Amino acid sequence: SPPGLRGLHLRDAVAHGRWANGWLRLDKLRIRTAQATADGTIDIALASRTARAQVQLQAPGMQARVSGQFGALDGHGNATLTVTDAARSRAWIARLPMVPSSIDAFDVQGSGELAARWTGGWESLLHNRGTAFSLTASLHASHWVIRSAAQLPDQALQLRDLDLRAQ
């Protein structure tokens, strides 16, 4: 692997697609590492700065899915993240390229689900152009334990039956 990708332990990457009518269409995209797999389809229109995607990720202790359209002036879609083992997920994330080593200072245990839905274009956030960006999200965590390496177990932050919704 190239130096910047060594933490990924890339096994293989496959992309099949075509260029047509201003769109790069990847109807098959698969990236496999030693511990994770990302599969999906992606369409990109460079001239309009628009993309459509359906991508799933399977990684240690978690699964994620993103489906939608992302554009400068308009977009819509949803994303979900299901964490079944936060400790395994944190350990995997810590080995990824460009993740700060400070993540190793924390021990995290638990499981939960995050769901998000968006509408609007990203330029509305930067330049107030296009459809106004809107995001709704919900987080559910039945039990999380978070502590720094310097804390004793009884000093850990414990979250139980956490339900958050934001609009």
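Q: Which residues of H1 are buried?
A: The buried residues of H1 are Ala86, Ser89, Arg90, Trp92 and Ala94. Keep in mind that this is a predicted model.

Q: What do they pack against?
A: The buried residues of H1 pack against strand E4 (50-59), strand E5 (62-71), strand E6 (76-83), E7 and E8.

Q: And what caps the N-terminal end of H1?
A: Asp85 does, with a side-chain oxygen 3.2 Å from the backbone nitrogen of Ala87.

Q: Which residues make up the largest nonpolar core?
A: There are nine: Ala36, Ala59, Met62, Val83, Ala86, Trp92, Val108, Ala141 and Trp144. Two elements, helix H1 (86-94) and strand E8 (134-148), each supply at least two residues of this core.

Q: What does Trp92 touch?
A: Leaving out residues up to four places away in sequence, Trp92 touches Gln35, Ala36, Ala59, Pro60 and Met62. Of the core members, Ala36, Ala59 and Met62 are among those contacts.

Q: Back to Arg90. What is its salt-bridge partner?
A: Asp104, with the closest N and O atoms 3.2 Å apart. Arg90 is in helix H1 and Asp104 is in the loop between H1 and E7, so the pair ties together parts that are 14 residues apart in sequence.

Q: Is Asp104 buried, exposed or partly exposed, and why?
A: Asp104 is partly exposed, because its relative accessible area is 48%.

Q: How many salt bridges does the structure hold?
A: Eight.

Q: Which parts does the Arg49 one tie together?
A: Arg49 forms a salt bridge with Glu123, and the closest N and O atoms are 2.6 Å apart. Arg49 sits in the loop between strand E3 (37-45) and E4, while Glu123 is in helix H2, so the bridge ties together parts that are 74 residues apart in sequence.

Q: Glu123, buried or exposed?
A: Buried, because its relative accessibility is 3%, and the cut-off for buried is under 20%. Arg49 counts as partly exposed because its relative accessibility is 44%.

Q: What about Asp27 and Arg18, what do their side chains do?
A: The side chains of Asp27 and Arg18 meet in a salt bridge, at 3.7 Å from N to O. Asp27 counts as partly exposed at 49% relative accessibility, and Arg18 counts as partly exposed at 46%.

Q: Which residues are linked in a network of salt bridges?
A: Arg25, Asp43 and Arg52 are linked that way.

Q: Changing topic. Which residues form the nonpolar patch on the surface?
A: Trp122, Leu125, Leu126, Phe133 and Leu135 form it, and together they have about 500 Å² of accessible area.

Q: Where does Trp122 lie?
A: Trp122 is in the loop between strand E7 (106-119) and helix H2 (123-127). Trp122 counts as partly exposed because its relative accessibility is 34%.

Q: Now the backbone. What is phi of Met98?
A: Phi of Met98 is near 70 degrees, which is a positive value in a residue other than glycine. Met98 is in the loop between H1 and E7, and at 84% relative accessibility Met98 counts as exposed.

Q: And what about phi of Asp161?
A: Asp161 is not a glycine either, and its phi is positive, at about 45 degrees. Asp161 is found in strand E9 (residues 157-166). With a relative accessible area of 61%, Asp161 is exposed.

Q: Zooming out, how many helices and strands does the protein chain have?
A: Two helices and nine strands. Along the sequence, the pattern is β-β-β-β-β-β-α-β-α-β-β.

Q: What box do the C-alpha atoms fill?
A: Roughly 60 × 40 × 25 Å, taken along the principal axes.

Q: What share of the residues is buried?
A: Buried residues make up 24% of the 167 residues in the protein chain. The accessible surface of the protein chain comes to about 10,700 Å², and 56% of that belongs to carbon and sulfur atoms.

Q: What share of the contacts comes from residues 24 or more positions apart?
A: Those residues account for 40% of the contacts in the protein chain with a separation of 6 or more.

Methods. Residues are numbered from 1 along each chain as its sequence is written. This is a predicted model: local features need pLDDT of at least 70, side-chain atom pairs count only at pLDDT 80 or more; totals for chains, interfaces and linings use all residues. Side-chain values use heavy atoms; hydrogens and water are left out. A nonpolar core is a set of buried Ala, Val, Leu, Ile, Met, Phe, Trp, Tyr and Cys residues joined through side-chain atoms within 4.5 Å. Buried means under 20% relative accessible area, exposed over 50%, partly exposed in between (1.4 Å probe, protein chains only). Helices (H or I, at least four residues) and strands (E, at least two) are DSSP runs, numbered from the N terminus. Contact means heavy atoms within 4.5 Å. Patches are made of residues with over 30% relative accessible area and no salt bridge: like charges are joined within 9 Å, nonpolar side chains (Val, Leu, Ile, Met, Phe, Trp, Tyr) within 5 Å. Accessible areas come from the Shrake-Rupley method with a 1.4 Å probe; for residues, only the protein chains shown count as cover. A salt bridge is a side-chain nitrogen of Lys or Arg within 4 Å of a carboxyl oxygen of Asp or Glu. A polar contact is a pair of N or O atoms within 3.5 Å; within protein, one must be able to donate a hydrogen and the other to accept it, and residues adjacent in sequence count only if both atoms are side-chain atoms.
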